[in-house]
Amino acid sequence: MSAADDLRRAQAFNAALVRYIHALIETTKRLGAPDAPTLIFACETMLKLSAEAAAAVPETRTRYECPRCGAVSYNPRDAAERYCVRCHEFAEP
Ligand SMILES: [Zn+2]
């Protein structure tokens, strides 16, 4: 398993957790348990931590900036071939 696979699994887990927590908050509000405020506060803390974790993930997309005109492409093939979509030219290696 590559680091990219690990990252995808962590992001998928985080997204599923966020959906679960939102559902838990809705259910808790609807049922109105006596300890609902405590549970909702705990849920909101987890959502905050989850958002912070998601924001801490570095940019992993491939990025290629043309040395001639500065155009940026996120197409991995453009980066591999050093091809600029604006200049329609391959950069010198
Ligand atoms: Zn260019």
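What we have here is a predicted model, in which local features need pLDDT of at least 70, side-chain atom pairs count only at pLDDT 80 or more, and totals for chains, interfaces and linings use all residues. Residues are numbered from 1 along each chain as its sequence is written.

Helices here are DSSP runs of H or I with at least four residues, numbered from the N terminus. Helix 1 covers residues 3-31 and helix 2 covers residues 36-55, and the two pack at an angle of about 160 degrees with their axes 10 Å apart; the axes are lines fitted to C-alpha atoms over the stretch in contact, and angles run from 0 to 180 degrees between N-to-C directions. Helix 1 and helix 2 are therefore roughly antiparallel, a term for angles over 145 degrees.

Which residues make the contact? From helix 1 they include L17, I21 and L24, and from helix 2 they include L39, C43 and L47, where contact requires C-beta atoms, placed from the backbone, to lie within 7 Å.

Helix 2 is hardly covered, with a count of 0 buried residues among its 20; buried requires 20 or more other C-beta atoms within 10 Å of a residue's own, exposed 12 or fewer, and partly exposed lies in between. T45 lies in helix 2, and T45 is exposed, because it has 11 other C-beta atoms within 10 Å.

Key
Angles under 35 degrees count as roughly parallel, over 145 as roughly antiparallel, 65 to 115 as roughly perpendicular and the rest as oblique. Two residues are in contact if their C-beta atoms, placed from the backbone, lie within 7 Å.
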